[in-house]
Amino acid sequence: MKTELAPRTKVLVYGLMCVLLIPFVFPTWWMVTSSVKPISQIFAFPPDIIPRSFDFTTYGRVFELQPFAQQYWNSAYIAALVTIGTMLFSSMAGYAFARIRFPGANLLFMVVLLGLLIPSEVTIVPLFQMFLSWGMINTHWPLVLVPIFGAPSVFATFVMRQFFIALPVELEEAARVDGLGRFKIFWTIALPLARPALAAVAIFTFLHSWNLYLEPIVFLSSPDRFTLPQALTQFTDAYGGALWNVQLAAASMTALPVLIVFIIAQKQFVEGLAHTGLKG
Amino acid sequence: MTSSATSMAVREKRKRPFWTMERRDAAAGYLFIAPQLAGITLFVLIPLGLVFWYSLHEWNVLASTFRFIGTENYERLLTDRDLPRVLGATAIFSAGLVVLNMSLALLLAVLLNQKLAGITIFRTLFFSPVVVSLVAWTIVWSFLLQNNGGINGMLAAIGVEGPNWLRNPTTAMISVIVVQVFKNVGLNMILFLAALQGVPRELYEAARVDGASPFKQFRRITLPLISPTVLLTSIITIVGSLQVFAQIAVLTQGGPGISTTVLVYYLYQQAFQFHLFGYGSTLSILLFVIVAVLTFAQWQMRRKIVFYEN
């Protein structure tokens with residue numbers, strides 16, 4: 001399909017893409033610009049695409065109304081732990097299923113894949129009961145443990161396995177002849193080569209943890225334990241009406257750092273995702 | 001010489017250690033999968049068994065009743081007046097989401113596969129909602145979809161009176177679908193783009209020589225060759241659509257009425273708002289069965305849909 005297009009077609013394609021872009025880009029723009037509009041202008045008619053005046057006090061209000069810094073830290077460290085744990089365990093399991101011959105490997109792989117059919121929404125009631133009996137309700141343990149071992153990590157294991165299957169085995173065999181143990185081979189040879197797949201796994205896992213919503217609202221009850229998605233919905237006035245500009249300021253602070261990291265590293269991001277075993 | 005060779009072989013056999021290369025390797029294999037397997041057993045398989053066990057009980061957490069009632073909860077599924085509407089809403093939501101997501105992803109991937117200056121910028125922008133925090137994205141759409149919000153403001157500016165999007169059953173359903181599609185379509189778009197780039201160019205050149213129109217090339221070459229990706233992404237998208245919760249909770253709380261109450265949201269309400277863990281567990285089993293049947297059906301269909309497999 002990669003042929004030079006006629007100039008008229010080019011204009012058409014550019015025009016179509018620009019129109020299609022609106023619902024993808026405008027909401028983010030509207031979130032950031034509305035967060036700095038004074039409350040009187042937030043529902044102005046006609047809408048101001050570019051703010052007329054700026055009011056940054058909403059950003060201070062975010063921290064007054066909620067322990068927002070603490071909530072930010074909660075989300076960040078939980079997502080970091082989940083990402084590291086998933087990368088480690090899923091690459092180990094994926095490597096074993098791809099490379100090592102051991103009795104029952106196929107059966108055990110089927111058991112692991114079963115995890116894909118059982119999203120944590122299905123098991124949320126017993127999970128709540130389990131963590132309740134372990135005294136872990138209103139702690140971050142469920143948000144760390146369940147994603148590292150549940151359905152998202154199974155998906156990660158699958159991606160890692162597909163990658164290792166496609167990876168040439170010669171280097172590792174040479175190392176085995178030299179008498180290197182399995183763990184050494186995995187750690188020093190296979191894993192460094194798996195960087196693209198690991199990047200994809202890291203991105204998926206981080207975003208999944210960062211966006212988690214059902215689990216936090218089930219497991220957490222005090223505001224200083226909340227994660228960001230949960231905290232964002234708490235900016236309301238005494239009657240439960242949304243404090244739109246404060247809420248949008250908090251939303252902007254949640255969304256922008258990840259967005260900026262993505263734009264800087266978008267090549268690795270997109271290519272990491274494209275080069276997983278998902279290609280089919 | 002022969003005798004010494006035999007005795008050496010005997011000695012070898014006697015000295016042969018228990019931990020041969022194969023055994024050591026197999027042990028390493030088990031150790032490598034042990035954390036994941038233990039975790040899945042503890043946090044997925046045992047809970048699945050428990051959820052089935054709970055579903056056979058009347059269990060009100062507030063009243064702290066826990067009583068074995070056999071299949072009564074399952075009979076309740078059949079008589080639950082809200083459930084047909086919940087399942088209907090789930091079906092409409094999932095079907096709408098999958099159809100819209102897959103076709104938009106394919107269209108964007110084809111557009112992005114053109115040789116044009118600045119195409120990477122477009123790719124980045126179309127993908128960007130994927131990395132925007134889900135609840136932040138939903139909140140800004142909720143703000144935009146208010147009766148006096150940005151969308152109706154802009155419609156009014158060109159003389160159109162927009163509906164109260166989130167307060168009308170039909171437009172509320174359309175809203176939750178569309179918000180979710182724009183959020184996640186970038187993922188499928190990238191997977192399709194990678195698949196499109198894997199189609200050998202010679203095939204198109206040969207087709208052009210034979211006089212095939214661009215549409216025919218797309219139907220006869222592109223679609224068959226990217227069919228494995230289409231199948232895989234459709235499974236992931238359908239299963240993902242059944243898990244959508246935050247968007248519903250933030251945008252509509254299942255309303256107006258119960259018009260956007262999908263199964264996950266209904267399950268959450270029954271278990272954690274009405275404290276009915278027994279019936280909530282029965283709904284969980286229903287959700288599990290739906291996910292399993294859909295995945296299995298699509299997997300079975302792969303021979304019909306998928307033109308080739310690597």
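What you see is a predicted model, in which local features need a pLDDT of at least 70 and side-chain atom pairs count only at pLDDT 80 or more, while totals for chains, interfaces and linings use all residues. Residues are numbered from 1 along each chain as its sequence is written, and chains are lettered from A and ligands numbered from 1 in the order in which they are written.

On confidence, the model scores ipTM 0.89 and pTM 0.88. Chain B averages 86, and 92% of its residues score at least 70. Within chain A, confidence is lowest in helix 14 (residues 266-274), at a mean of 74, and highest in helix 3 (residues 68-99), at 94. In chain B, the lowest value belongs to helix 1 (residues 2-15), at a mean of 55, and the highest to helix 4, at 94.

Turning to chain A, we have 14 helices and zero strands, where helices (H or I, at least four residues) and strands (E, at least two) are DSSP runs, numbered from the N terminus. The C-alpha trace of chain A spans about 75 × 65 × 30 Å along its principal axes. Its radius of gyration, taken over C-alpha atoms, is 23 Å, whereas a compact globule of 280 residues would be near 19 Å, by a rule of 2.2 Å times the number of residues to the power 0.38.

UniProt, in an unreviewed entry, places "transmembrane region" at several stretches of chain A, among them residues 76-98 and 140-164; its positions are given in the numbering used here, feature names are shortened, and annotations may be inferred rather than shown by experiment. In the model, residues 76-98 of chain A are 100% helix, with end C-alpha atoms 32 Å apart, and residues 140-164 of chain A are 92% helix, with end C-alpha atoms 33 Å apart. The unreviewed entry also lists "domain: ABC transmembrane type-1" at residues 72-265 of chain A, a span that is 75% helix and 0% strand, with end C-alpha atoms 22 Å apart.

Chain B has 13 helices and two strands. Its radius of gyration is 27 Å, well over the 19 Å that the globule rule gives for 310 residues, so chain B is more spread out than a compact globule. Its C-alpha trace spans about 105 × 75 × 35 Å along the principal axes.

How do the chains meet?

Finally, in chain B, the axes of helix 4 (residues 83-112) and helix 10 (residues 214-241) come within 9 Å and cross at roughly 145°; axes are lines fitted to C-alpha atoms, for helices over the stretch in contact, and angles run from 0 to 180 degrees between N-to-C directions. Residues including B:Phe93 and B:Leu97 in helix 4 of chain B meet residues including B:Thr233 and B:Ile238 in helix 10 of chain B. By class, this contact has five nonpolar, six polar and no charged residues.

Definitions and conventions: Two residues are in contact if their C-beta atoms, placed from the backbone, lie within 7 Å. Ala, Val, Leu, Ile, Met, Phe, Trp, Tyr, Cys and Pro count as nonpolar, Asp, Glu, Lys and Arg as charged, and the others, Gly among them, as polar. pLDDT is the predictor's confidence in each residue, from 0 to 100.
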